[in-house]
Amino acid sequence: MGMIRVHELSKRYGRLQVLDRLELEVERGRCTAVLGPNGAGKTTLVKSILGLVRPESGTITVDGEVVGSDPEYRRRIGYMPQIARYPENLTAREILQMIRDLRGDPPETDMSLGEALRLEGELDKPFRTLSGGNRQKVSAVLAFLFRPDILFLDEPTAGLDPVSSATLKDRILKEKAEGRTIVLTSHVMSEVEELADTVVYLLDGRIHFQDSVASLVGSSGEVNLERAIARRITARVVA
Amino acid sequence: MPTDRVGTAWPVGLLLGGLLILSGGVGPLEPATHWTDQSPSGQEHEEVRADTVSAHGAHEGHHPAPPMPREETFSGREWVVGPDGDETTITAALARAEDGDRIRVQSGVYTETPILVDRSVELIGEDWPIIDGQGEGSLLRVEADDVRIQGFVLRGTGVSHVRDHSAILVEEKSRCRIEGNRLEDTFFGIYLARATDCLVRGNQLRASGTRESNSGNGIHLWDVDRVQLEDNHIEGHRDGIYLEFARGAVIRGNTSEGNIRYGLHFMFSDASFYVNNTFRRNGAGVAVMYSREVVMSRNRFLDNWGSASYGLLLKEVQDSRIDENLFRGNTIAIHSEGTDRLTFRLNRLERNGWAIKILANSQENLFESNDFVDNTFDVITNSRQNPNTFHGNYWSQYRGYDLSGDGRGDLPHRPVRLFSFIVERKPVALILLRSFFVEILEVAERVLPVLTPEALVDESPLMKALTGDEPWA
Amino acid sequence: MNTLKIARYQLRDVMRSRWVLVYGLFFLLMTDALFRFGGSGERVLLSLMNVVLIAIPLVSVVLGTMYLYNSREFTELILSQPVRRRSLFFGLFIGLGLPSSTAFLLGTGLPFWAHGGAADAGWGPLLLLLGTGVGLTLVFTSLAFLVALATEDRIKGLGYSLGLWVFFTVVFNGLVLLAIYMFSDYPMERTVLALSFLNPVDLGRILLLLNFDISALMGFTGAVFKGFFGSGTGQAVTVGALLLWLAVPFSLGLRSFHRKNF
């Protein structure tokens with residue numbers, strides 16, 4: 001049974017139908033990459049599951065719980081947004097403390113990623129002075145802070161230097177190995193190939209296809225995922 | 001106008017004030033022969049004031065004549081009224097007394113009204129004896145000269161629409177003294193008709209009238225000469241003090257408050273003088289009508305609210321002076337209608353709805369050295385023409401400056417605001433008072449006056465107020 | 001609970017940006033200057049009346065709109081946590097309303113305290129002015145929230161906010177005066193009074209007029225005004241209407257916040 005189930009999910013912004021009766025099942029304990037062209041609705045889908053976007057219709061369940069007005073299910077979710085923006089006059093430490101506060105000070109928090117990313121020196125500067133990369137790091141630390149069962153990572157490595165990027169990816173793999181459910185969006189196909197078990201391809205607000213990385217690469221005969229996906233899309237269009 | 005006018009006026013005010021305070025500090029049991037000395041019309045005043053008034057000529061010698069000195073008439077004989085006294089009723093004692101006797105009335109309730117005081121005696125209450133009319137007629141009718149009534153509680157007069165039932169009625173007699181009595185819920189209180197040279201001092205009159213029709217006046221004077229009203233407290237009557245055809249009256253140190261109609265109602269009474277009185281929360285304030293050569297000084301007109309309510313209503317008054325009064329919290333502090341040659345000097349007009357409402361049929365009045373402080377509207381008139389003079393007053397609404405440093409604004413001040421004209425025509429617009437929109441209109445009007453009278457202008461506004469917050473308190 | 005936690009951090013954020021300090025200083029210097037030049041507490045209150053009626057709506061509506069736009073990221077962050085939108089909305093409102101109100105209260109109150117103006121003018125008028133100021137702060141903050149939630153474009157939103165301010169402080173009264181002249185053949189008392197309830201600035205103004213200009217107001221001959229202004233009822237009804245002006249935009253804002261996509 002899927003960790004996250006999306007049924008008949010529709011969302012429009014004005015005249016633009018972003019999600020169109022979308023069906024999706026995300027398997028427990030696996031890493032699912034949501035891919036698709038710009039504006040395909042990846043972020044909207046993730047935000048709908050998080051409750052940030054209010055869909056027109058459809059239901060979403062997270063571990064059997066229907067997403068509605070009760071925000072409790074989000075206690076088990078860690079979220080790393082695409083662009084890390086925070087209150088400009090607060091420091092990273094204050095933000096971490098605030099989120100800890102809001103979650104009722106859980107005893108077990110995990111700052112190891114912060115240490116690995118060498119963020120310590122940046123924690124006490126106001127946000128407005130932080131570089132894009134450092135903001136992204138804070139965002140990552142926040143997502144992993146409470147050892148959540150489910151992780152939503154929206155373009156996690158965008159803007160990170162290669163070393164930090166590798167550190168973060170190691171961490172993602174470690175979480176996967178520990179049985180956490182991960183939903184990932186990315187434009188870097190090598191990254192997807194490295195991290196994801198399953199690929200979900202969004203097009204025009206619907207799932208264009210959903211397949212495992214292994215089967216995609218294996219059946220296509222292409223050398224890598226990027227090629228395999230490209231081939232899969234053109235094949236569909238031709239057919 | 002010479003610029004040193006204010007400089008001289010101020011010491012004048014102080015001097016006058018000092019004299020008045022001195023004269024007011026005389027105890028209530030001083031012999032009546034002191035009256036002449038206490039009269040505020042001493043020669044010094046006239047000399048000092050002559051120059052301040054001479055701008056309008058015609059004022060010399062308009063002060064009231066002093067009351068006639070009362071002769072010392074006590075015979076030395078005393079009668080005591082009471083359970084253990086010479087008599088048990090006042091009437092019986094009066095029957096035995098002769099002119100010049102004193103009747104001392106012990107405490108108790110006397111219901112033998114009406115009591116006719118038909119000889120020249122002193123009626124002195126001891127420990128507040130009560131004379132109770134039990135709702136019928138008048139209580140004490142004075143029918144002799146030189147009668148003194150002191151120390152009684154007077155209550156329970158009749159109430160009538162045709163008869164003016166009163167606690168004390170003096171008709172066509174002279175030199176009466178009514179002092180230190182307490183009048184409780186009487187119809188009319190102290191009623192003097194065609195009386196002369198009377199003194200009414202230190203009485204407390206308290207009624208709880210609610211309508212004009214079932215309430216009489218507190219102190220009612222009709223066709224009297226040289227009557228002096230001093231330090232009385234009148235509350236809850238129709239008119240607190242009513243004067244009609246009173247010549248040379250002196251009204252000093254009285255407090256008249258919470259009366260249904262006027263605190264002081266003053267008609268056809270020339271050459272009268274009223275000073276140091278307080279008029280507070282009366283239905284329609286104070287009205288002075290059809291009189292000339294009146295002096296009104298150092299009175300306080302406070303909190304008279306209502307659509308027809310004035311601190312001071314002046315109608316058909318000529319050649320009079322209104323000096324050093326405090327007008328605070330009245331709907332209309334001074335309403336002037338058909339008045340001529342009045343001078344208003346050193347008055348403080350503060351937090352009134354309208355400080356001065358002067359109709360264009362008022363002429364040659366002078367407003368000088370007054371303080372206009374935080375009034376909603378300072379001056380309103382009904383015409384673009386205005387034949388009156390405003391000069392050298394302080395206006396808290398003045399927005400000019402004084403670069404020359406002479407204490408006077410370099411720009412003239414126009415105290416009539418556009419919005420007051422709007423409210424005059426469309427009263428309901430009052431609800432827009434102090435709105436930003438109205439402020440903008442005001443600025444526009446100031447730049448390009450189309451409605452407000454150009455003639456009504458203070459060419460020499462003062463930069464600082466002349467009076468303090470609590471003048472003559 | 002979460003409301004207060006959010007408000008606490010939002011407060012810290014707001015306090016670190018300088019505007020709230022500038023806003024408080026504005027009132028502080030103005031009130032102090034009025035005391036030094038104007039004199040009595042009574043006079044100062046009267047002068048402050050216009051400031052309260054004009055500056056507070058302007059600053060509150062503009063700051064409120066900008067604040068909500070700037071809180072967009074914060075909102076996203078919080079909403080991905082186990083927090084109800086309702087708690088967040090209340091937190092955001094307190095996070096702005098509290099410092100703006102406090103800046104106004106301290107900026108105005110301290111000079112009064114320092115110059116002993118309250119004793120001189122009486123506590124009643126001062127408290128009324130402070131209360132009205134806080135009331136208008138909150139009313140225009142919630143209006144600003146409503147505007148910012150309804151408009152994605154920041155420039156447009158700011159424009160609408162300014163428009164709202166111009167409408168309520170100037171245009172509205174112009175229209176009322178126009179109506180008074182146009183329909184002068186009809187009894188307008190009740191209408192004009194009712195119209196005032198459609199404008200929170202007018203409500204604040206009437207509340208202060210009842211205190212500072214009661215002697216003029218009582219000069220009005222009509223029975224409706226007299227009954228309204230002359231009794232405690234008028235004051236109570238006005239305060240009630242002002243509270244309604246706070247409650248309605250606030251709950252509309254809350255509803256819109258509930259449905260909003262972030």
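**Stop 1: a histidine in a strand**

Select His7(A), which sits in strand β1 (residues 4-13) of chain A. This is a predicted model, so treat everything on the tour as computed.

Now show what surrounds it. Leaving aside neighbours within four places in sequence, His7(A) is in contact with Glu23(A), Gly58(A) and Thr59(A).

**Stop 2: the whole of chain A**

Zoom out and colour chain A by secondary structure.

Of the 239 residues here, 44% count as buried. Among contacts in chain A with a separation of 6 or more, 68% come from residues 24 or more positions apart.

**Stop 3: an enclosed helix**

Staying in chain A, select residues 132-144, which form helix α4. This helix has 13 residues and reaches 19 Å from its first C-alpha to its last, close to the expected 18 Å. Why call α4(A) largely enclosed by the rest of the structure? Because ten of its 13 residues are buried. Among them are Asn134(A), Lys137(A), Leu142(A) and Phe144(A).

To see what does the covering, show these parts of chain A, which are included in it:

- the strands β6 (77-80) and β7 (150-154)
- the helices α2 (92-102), α3 (112-116) and α5 (162-177)

**Stop 4: across to chain B**

Next, bring chain B into view. Chains A and B do not touch, and their nearest C-alpha atoms are 36 Å apart. Chain B has six helices and 39 strands, and buried residues make up 54% of its 473 residues.

Look for the open sheet of twelve strands in chain B, ordered β4-β7-β10-β13-β16-β19-β22-β25-β28-β31-β34-β37 with parallel pairing. At its edges are β4 (115-117) and β37 (377-380) of chain B; each has a single partner strand, so one side of each is left without a neighbour in the sheet. From one strand to the next, the twist averages 10 degrees.

For a closer look, pick β13 (residues 188-193) and β16 (residues 219-225) of chain B, which pair in the parallel sense over four bridges. Then select Ala193(B) and find its bridge partner in β16(B), Trp222(B).

**Stop 5: where B meets C**

Finally, show chain C. Of the two pairs of chains in contact, chains B and C share the most contacts. Here 33 residues of chain C are in contact with 29 residues of chain B.

Which element gives the largest share of the chain C side? That is α8(C), with eight residues. The residues on this side of chain C divide into 17 nonpolar, eleven polar and five charged.

Methods:
Residues numbered from 1 in each chain as written. Chains lettered and ligands numbered in written order. Predicted model: local features only at pLDDT ≥ 70, side-chain atom pairs only at ≥ 80, totals over all residues. Contact = placed C-beta atoms within 7 Å. Helix = DSSP H or I, 4+ residues; strand = E, 2+ residues; numbered from the N terminus. Expected span 1.5 Å × (residues − 1). Buried ≥ 20, exposed ≤ 12 C-beta atoms within 10 Å, placed from the backbone. Nonpolar A, V, L, I, M, F, W, Y, C, P; charged D, E, K, R; others polar. Pairing = 2+ DSSP bridges. Axes fitted to C-alpha atoms, helices over the stretch in contact; angles between N-to-C directions.
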